[in-house]
Amino acid sequence: MTELTAYTDGACSGNPGPGGWGVLLQAKSGEALLKEKELSGGVSETTNNRMELQAAIAALEALERPSKLRVVTDSVYVRDGVTKWMHGWKKNGWKTSSKKPVKNEDLWRLLDEAQSRHEVKWDWVKGHAGHPENERADELARAGMAPFKSR
C-alpha cells in the first residue's frame, strides 16, 4: 500500500517580514520511495504562522484526488489549530473562546476546505532538530522567501 506524507514548513525573516513556505511530498511503499515532489513559494510581507499555514494548504491542494495522507509540521500552532481549536472556532462563527476573531482566519478557512477532501493525520516534529525531511521542507521555505528578502 502506498503511503503519502507531506512535510511542511514556513519561514519568515522578521515577523512580519518577507516569508516563504515549503512542502516535500513523498509517496512510499514500505521503505521504498516511489515519488517525490517539492513545492515552495513566498511573499514580501507576512508572518511565520501564515507561512506555516500556507505550506499545509499548498500540500493538500497539490493532491489531484482525495487521498489518505500524513501531514508532518514543526508548527504547534498549525497542529493544535487543526486538531484542537478549529472545531470550536467554526462552531463559534470563527471566534476564539474569548469571543475574539481568529487570527489568520482566511488561511484557516482555506486549510479547512483543503483538508475536507482528504483523510488527514496531523503529526508534529521538532524543527531544526536534524529530521531530514523537515530540514528539506525548511530549505524549500527559505528558498521560497529568498526572492523577497532583498526588496
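## Overall size

What radius of gyration would a compact globule with 151 residues have, and what does the protein have? The rule puts such a globule near 15 Å, and the protein has 15 Å, so the two agree. Keep in mind that this is a predicted model. Along the principal axes, the C-alpha trace spans about 50 × 40 × 30 Å.

## Fold and contacts

You get four helices and five strands here, laid out along the sequence as β-β-β-α-β-α-α-β-α. Take the contacts with a separation of 6 or more: 67% of them link residues 24 or more positions apart.

## Surface and charge

Of the 151 residues, 46% count as buried. The accessible surface comes to about 8,200 Å², with carbon and sulfur atoms holding 49% of that. As for charge, there are 23 positive and 21 negative ones, and their mean positions sit 6 Å apart.

Most peptide bonds are trans, and most residues other than glycine have a negative phi. A few spots here go the other way.

N15 and P16 are joined by a cis peptide bond, with omega at about 20°. P16 belongs to the loop between strand 1 (2-12) and strand 2 (17-29).

W94 isn't a glycine, yet its phi is positive at about 60°. You'll find W94 in the loop between helix 2 (76-91) and helix 3 (105-116). Its relative accessible area is 7%, under the 20% cut-off, so W94 is buried. H128, also not a glycine, has a positive phi of about 55° and lies in the loop between strand 5 (119-124) and helix 4 (132-149). With a relative accessible area of 61%, over the 50% cut-off, H128 counts as exposed.

Technical notes. Residues numbered from 1 in each chain as written. Predicted model: local features only at pLDDT ≥ 70, side-chain atom pairs only at ≥ 80, totals over all residues. Heavy atoms only, no water. Helix = DSSP H or I, 4+ residues; strand = E, 2+ residues; numbered from the N terminus. Rg over C-alpha atoms; globule rule 2.2 N^0.38 Å. Buried < 20%, exposed > 50% of the residue type's maximum accessible area, 1.4 Å probe, protein only. Contact = heavy atoms within 4.5 Å. Areas by Shrake-Rupley, 256 points an atom, 1.4 Å probe, with all protein chains shown as cover. Lys, Arg positive; Asp, Glu negative; His and termini not counted. Charge placed at Lys NZ, Arg CZ, Asp CG, Glu CD.
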